Structures are given as C-alpha cells and as structure tokens.
Amino acid sequence: MSEQFETAIFSGGCFWCMVHPFDEQPGIESVISGYTGGHVENPTYEEVCAGGTGHTEAVEITYDPEVISYSDLVEIYWQQTDPTDAMGQFADRGDSYRPVIYYKNDEQKEIAEASKQVLAESGRFKDPIVTQIEPASTFYPAEDYHQDYYKKNPLHYSLYAEGSGRNRFKREHWADA
C-alpha cells in the first residue's frame, strides 16, 4: 500500500450494503467487509451473528485523501444509515449491526464529532442522532463470500437492500442530498 493512502472504518448495519456506496467513489482504493470492535480474535460470520463477540459488521475503506477527504467519507456514511437507531439498521437488529464511526486518529475523531453535531442541528431527523463515535480497534476481514457481495450477487443484493427498508429510508431522508 502506498504511503498516500489512509483508512476509515464504518459500521452501518449489514456490511453488504455499506460497500457499494463507497466502492464507486473516486479515490477509493478498496472497501473490505469485516468485523471490528470486539474481543474475540479472528471472529467468523457465524460467531458475530450469534452475538457475544462484541464485534460489529463494518467496512474498512482505503482511500487517497488527495482525491477524497475523510469528511467526504463521513458524509457518504450518514446517507447510508439511520443515525437515530442505536441497536441495528433497518431489518438488521442487534449489537453487531449498530451504527458506529470508528476513528483512527484525533483528526478523524474531530471530523466525525463535528459532522454528527451538524447533522443533529440540521433538523433532518426528529429523533436524536445516536450513532456512536469510537476508537478503531483491530479490523478482521470477513470471509471471501462476503467481499464485493453486490457485484457477485447483484439480484440478491438488490432485493435485500430494498426489502430491508434501507433503500426506502435513503430515498425518504436523503433524496435532496
């Protein structure tokens, strides 16, 4: 990896749905589905889904900050999630699906907190913004069949994104963005 690249980690429900919005942006080197924030080394999908590992499904984004800023990534993140739902996203319920912005340094933390405050004051949502902002910990890539799911299984991905309520929520709350 080139020294110019940086990484960002976001959790926003099912990681399948968090890859596509970032993957097609200029300056994105890679978007990897995985698990973070827990206390079990190298967790499996089954372990994370069963609960008890403390992990969330997340994406790790490697990007070129000269092309796309961390602030831009945070703005894209907000438009993929329901920031008023602390314990899941759409049809995905539970701790492993909670929305979290994981910061890697003080600059990322400050940007995320400021962005959260702007969103809270915007009036876009009637309920409080409850997305957590937490320090990043070890990120474990998910199994291969989870990587680039929207490309490998476009029909299932499309049906899931619509059926889960995610796409409807995005249309209702972010159509003007």
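Helices are DSSP runs of H or I spanning at least four residues, numbered from the N terminus. The views below show a predicted model.

**View 1. Val-74 in helix H3.** Val-74 belongs to helix H3, which covers residues 70-78. Because buried means under 20% relative accessible area, Val-74, at 0%, falls in that class. Beyond its neighbours within four places in sequence, Val-74 is in contact with Phe-10, Ile-101, Ile-111 and Ser-115. Phe-169 stands 95 residues from Val-74 in sequence, with 18 Å between their C-alpha atoms.

**View 2. The largest nonpolar core.** This core comprises 40 residues. Phe-10, Phe-22, Ile-61, Leu-73 and Ile-101 have the most contacts inside it. Leu-73 is in contact with Ala-8, Phe-10, Phe-22, Ile-28, Ile-61, Tyr-63 and Ile-68, neighbours within four places in sequence being left aside. Another core, of five residues, lies apart from the largest one and includes Ala-58, Val-100, Tyr-102 and Phe-139.

View 3. Helix H1 (residues 15-23) is largely enclosed by the rest of the structure, because eight of its nine residues are buried. The buried residues of H1 are Phe-15, Trp-16, Cys-17, Met-18, Val-19, Pro-21, Phe-22 and Asp-23.

**View 4. Strands S6 and S7 with helix H4.** Strands S6 (residues 100-103) and S7 (residues 132-135) run parallel and are joined by four bridges. Within this pairing, Val-100 is opposite Gln-132 of S7. Together with helix H4 (residues 106-122), S6 and S7 form a β-α-β unit that is right-handed.

Technical notes:
Residues numbered from 1 in each chain as written. Predicted model: local features only at pLDDT ≥ 70, side-chain atom pairs only at ≥ 80, totals over all residues. Heavy atoms only, no water. Core = buried A, V, L, I, M, F, W, Y, C linked by side-chain atoms within 4.5 Å. Buried < 20%, exposed > 50% of the residue type's maximum accessible area, 1.4 Å probe, protein only. Contact = heavy atoms within 4.5 Å. Helix = DSSP H or I, 4+ residues; strand = E, 2+ residues; numbered from the N terminus. Pairing = 2+ DSSP bridges. Right-handed = clockwise from strand over helix to strand, strands pointing away.
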